[in-house]
Amino acid sequence: MLVVFYAWPAVVSIYISLTKLNVFYLANWLSAPFVGLGNFTSLFNPETPFGHDFLGSLEAAGIFTGCAIGFGVPLGLLAAVALNRKMRGRAVFRVLFILPYAIPIYVSALIWRFMLIQKTGLVDHIASVVGGSGTYWLIGPNAIWAIVMANVWASWPFFYLFALASMQGVPTEIYEAAAMDGAGGVASFARITLQPLIKRPMVIAIILSFIFHFNNFTTPFVMFGTTPPSSADTLPLSIYLYGFNLENFGVATAMSVLSMVVLMVPVLFYLRSSRPSRDLARR
Amino acid sequence: MSVPSYRWRRRASDWFWRLVVSAFVVVIGVPVVAIAGVSLESLAQVDNGDVLSGLHLNNYLQVWSSIGLGSFLLHSLAVAVSCVGIVLVVAVGMAYVLARFTFKLRSAIALGMLVGQLIPGVTVLLPIYVLYADAQSTLHFQLIGGLLGLILIDAATAIPLAVWLLMSHLEGVPRELDEAAVVDGASRARVLLQVLVPVILPGIAVVGIFSFLAAWNDVLFASVLTSDSTRTVAIGLEEYVISNGSGSGAVLWNELMAAALISAVPAVVFFFAAQRLVVNGLTAGAVRG
């Protein structure tokens, strides 16, 4: 089964990416004309429509992923530090903070699509209190920020979970000793919590979330469907639209091969920094 | 002198952290409460932003007919349950073989499991779609538009993580346990089913829940592989918004949000259950040393 769903498709993918496979040849894909590296060269040429779309969606995916990590990490750390202290109702908050992550992505995307409706949506209501005016979140250049907001809201608890779990492994004696030596709250956070003890788990969390967010198809698709504003047309959505809407499977597969190449970077980092691979090597 | 200032600082930092937690609660809570509120309003209230003029609990009854939530949920349930079944059978078997036998390519296959879970769904879907279309036209057997094709690809993409997790659970079980059973004359299958499976049951539960959630929350595969008569809930709701929302805004947001919340309940419950099992597993492992 794994051969059927992984190895064979991988071979088929690479072959398709070298052809001009479209709907006319779908019933018999082996008969599609062979174009060599033509799909790839046009993807890297911003003058061609394919290249324009590909490079644009690569940029959108980059912003989307960068924001998810750039906002998610500090939020997750802050929340974890707050709930690592003794506090009334801590157990309740610990569960509540996971909620955005537990809600299915398609539901949180629907929620945010509704809240970002121009003027009548909740976000513009709140913005108008502080003097903002109705913004078109769901069309045009702001659309990228719509999916970024939805995604950051839904995904930051991933970092919180990693951070809290590793902070709980830090014995409290260390903090007491540091306080006795005169270290303040900030210093003990930077030197003890952040530095040696939870750095590794956070690095793993960042690598994994890079992969998840770079591949996130659900958020942009549920918010915008098959006609996304170009600013929110991230790479997985763009691949999907080329394949299943324009039925240009050759170009779409070439794009997906390139996206695999981008993803190999964090995957290799992951394999190097996570323990499983070392366990395997030891055997 | 130093004692009161220390106490003051401590109190100030307590308040600071309370403020931080409250800010998080607001940011998490406002969207959820707002949506729950919308799901209880009439459509006129939604348009006016007029929140407090009456509850409309019947939204939760209407969605079954107006959006067709019942059939969506039924399809999602069928897909998710079948997916869990396939994943558990295949993954338990594979994890057993990988954890207990040595053979050529073993570590290559184990590493493949790790990398496999990182491959983008779109990258898997494109060639599978082409192959399904091919198989369909040669074998005259429906894969695109039916539930079977969706179940197979959902299961296939959930298997690598499942094998990986079960493998690490099995490696935590001492070999003496199954060797003793073999000495007593039990077959390999009996060792696996009657000795090992009960021991790693918490791991199996986590794997089952993750596979269920993956299938339940999937939009990508379902958007291509289901047809109007076989929509699962995630893609069904998405399609409802997009097809009605692009025109004059005839989306019944109140009912849609009611439907979305109903469909989120099983996913959230399962997620928290798995969460607890994972944490328990970690602490149990730590105690065992």
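Helix 13 of chain A gives the most to the lining of the largest cavity, contributing 3 residues. The model described here is predicted.

**The largest cavity**

- The structure contains 2 cavities of 30 Å³ or more, and the largest has a volume of about 50 Å³.
- Two helices each supply at least two residues of the lining of this largest cavity: helix 13 (235-245) of chain A and helix 6 (121-139) of chain B.
- From chain A, the lining of the largest cavity includes F214(A), N215(A), L235(A), P236(A), I239(A) and S259(A).
- From chain B, the lining of the largest cavity includes P120(B), V122(B) and T123(B).
- Sorted by class, this lining has 6 nonpolar and 3 polar residues, with no charged residues.

**The second largest cavity**

- The second largest cavity has a volume of about 40 Å³.
- Its lining is formed by M260(A), L263(A), M264(A) and V267(A), together with V115(B), L118(B) and I119(B).
- Helix 14 (residues 249-273) of chain A provides the largest share of this lining, with 4 residues.
- The lining of the second largest cavity divides into 7 nonpolar, no polar and no charged residues.

**The largest nonpolar core**

- In soluble globular proteins, nonpolar side chains tend to be buried together.
- The largest nonpolar core in this model has 170 residues.
- The residues with the most contacts inside this core are Y160(A) and M223(A) from chain A, and L225(B) and L237(B) from chain B.
- Helix 8 (residues 143-168) of chain A supplies the largest share of the core, namely 17 residues.
- Within chain B, domain 1 (2-38) and domain 2 (69-288) both give residues to this core, and the core therefore lies between them.

**Contacts of L237(B)**

- Which residues are in contact with L237(B), leaving aside its neighbours within four places in sequence?
- From chain A, L237(B) is in contact with Y106(A) and L110(A).
- From chain B, the contacts of L237(B), with those sequence neighbours left aside, are I67(B), F72(B), L256(B), A259(B), A260(B) and S263(B).

**The make-up of chain B**

- The secondary structure of chain B comprises 13 helices and 0 strands.
- Of the 289 residues in chain B, 45% are buried.
- Considering contacts in chain B between residues at least 6 apart in sequence, 71% join residues that are at least 24 apart.

How values were computed
Residues numbered from 1 in each chain as written. Chains lettered and ligands numbered in written order. Predicted model: local features only at pLDDT ≥ 70, side-chain atom pairs only at ≥ 80, totals over all residues. Heavy atoms only, no water. Core = buried A, V, L, I, M, F, W, Y, C linked by side-chain atoms within 4.5 Å. Buried < 20%, exposed > 50% of the residue type's maximum accessible area, 1.4 Å probe, protein only. Domains from an automatic or database assignment. Contact = heavy atoms within 4.5 Å. 1 Å grid on protein atoms, 1.4 Å probe; cavity = no way out; pocket = protein on both sides within 12 Å on 5 of 7 lines; lining within 4 Å. Points joined across faces, edges and corners; volume = space filled by probe spheres on them. Nonpolar A, V, L, I, M, F, W, Y, C, P; charged D, E, K, R; others polar.
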